[in-house]
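Here are my notes on this model, as numbered points. Please read them with the structure open.

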Amino acid sequence: GQRGRDLGAEAAGEVVLVTRRARGGGCEVVARRHPDSPAMLEPHLGRTEDMARRGRTVESVVLSRSLNPPTPEEVMALGLGLGDRVARLERVRTSDCVPLAIERASLPESILPDPDEVGASLYAYLAGQGLRPVRAVQRISATNLTARDATLLDVPPGTAGLRIERVSYLPNGKVVEFTRSIYRGDAYDFAVELKLADDPERTLP
């Protein structure tokens, strides 16, 4: 409604999520970054690229890199088969020396056979291999930071944060990345604009 549009026009550092009724039922969500926002990504734009483009210092503190048997969650998200392994990257992302997010990325071993080859930007590595994602689906929810995550983000345990799960796809529909991120709640805002479909008989629930 109008309130959502006002927030999207005036507030810096937010993403406007436009939700509309999809053909055949259900909702379709499109994410748009506010033009002045330093906080979030444009669709399919790596976070390192986004921050650097705005003249901000971006760093990654690598906590771990490994190849492992997948968890049931990773099997489902990545469409893995029996005997497949996953490459995992766990990093803390900082901007101008302030920790903003923890990223835990999982990729099929066929996509990332050696996690040590990834430098500052995962998406730059994927692009160099001809494997840059072209679309992604994100799920955003509220969370309270665990003691470990709070320590990594330099906030008190139990602080409110945002949990974002992203599944990214190649042009052929293959899943290339499954990332779970924890963001500091004081660093990100979201405004939501709901639009009704053109068909007057279709209404939002």
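1. Glu 74 and Arg 88 form a side-chain salt bridge, at 2.8 Å from N to O. Glu 74 sits in helix 3 (residues 72-78) and Arg 88 in strand 4, so the contact ties together parts 14 residues apart in sequence. Keep in mind that this is a predicted model.

2. Glu 74 is buried, at 1% relative accessible area. Arg 88 is partly exposed, at 23%.

3. Glu 74 also meets Arg 180 in a salt bridge, here at 3.9 Å from N to O. That pair links distant parts of the chain: Arg 180 is in strand 8 (residues 175-184), Glu 74 in helix 3, 106 residues apart. Arg 180 counts as buried, with 14% relative accessibility. Glu 73, Glu 74, Arg 88 and Arg 180 are linked in a salt-bridge network.

4. Another pair is Arg 104 with Asp 149, whose closest N and O atoms are 2.7 Å apart. Arg 104 belongs to strand 5 (residues 98-108) and Asp 149 to helix 5 (residues 147-153), 45 residues apart. Arg 104 is partly exposed at 22%; Asp 149 is buried at 8%. The salt-bridge count comes to 13.

5. Six strands form an open sheet in the order 3-4-5-8-7-6, paired antiparallel. Strand 3 (58-68) and strand 6 (135-144) are at the edges with a single partner strand each, so one side of each has no neighbour in the sheet. Neighbouring strands are turned by 15° against each other on average, direction ignored.

6. Strands 3 and 4 (residues 86-95 for strand 4) run antiparallel and are joined by 10 bridges. Asn 68 stands opposite Val 86 of strand 4.

Terms used. Residues are numbered from 1 along each chain as its sequence is written. This is a predicted model: local features need pLDDT of at least 70, side-chain atom pairs count only at pLDDT 80 or more; totals for chains, interfaces and linings use all residues. Side-chain values use heavy atoms; hydrogens and water are left out. Two strands pair if DSSP finds at least two bridges between them. Helices (H or I, at least four residues) and strands (E, at least two) are DSSP runs, numbered from the N terminus. Axes are lines fitted to C-alpha atoms, for helices over the stretch in contact, and angles run from 0 to 180 degrees between N-to-C directions. A salt bridge is a side-chain nitrogen of Lys or Arg within 4 Å of a carboxyl oxygen of Asp or Glu. Buried means under 20% relative accessible area, exposed over 50%, partly exposed in between (1.4 Å probe, protein chains only).
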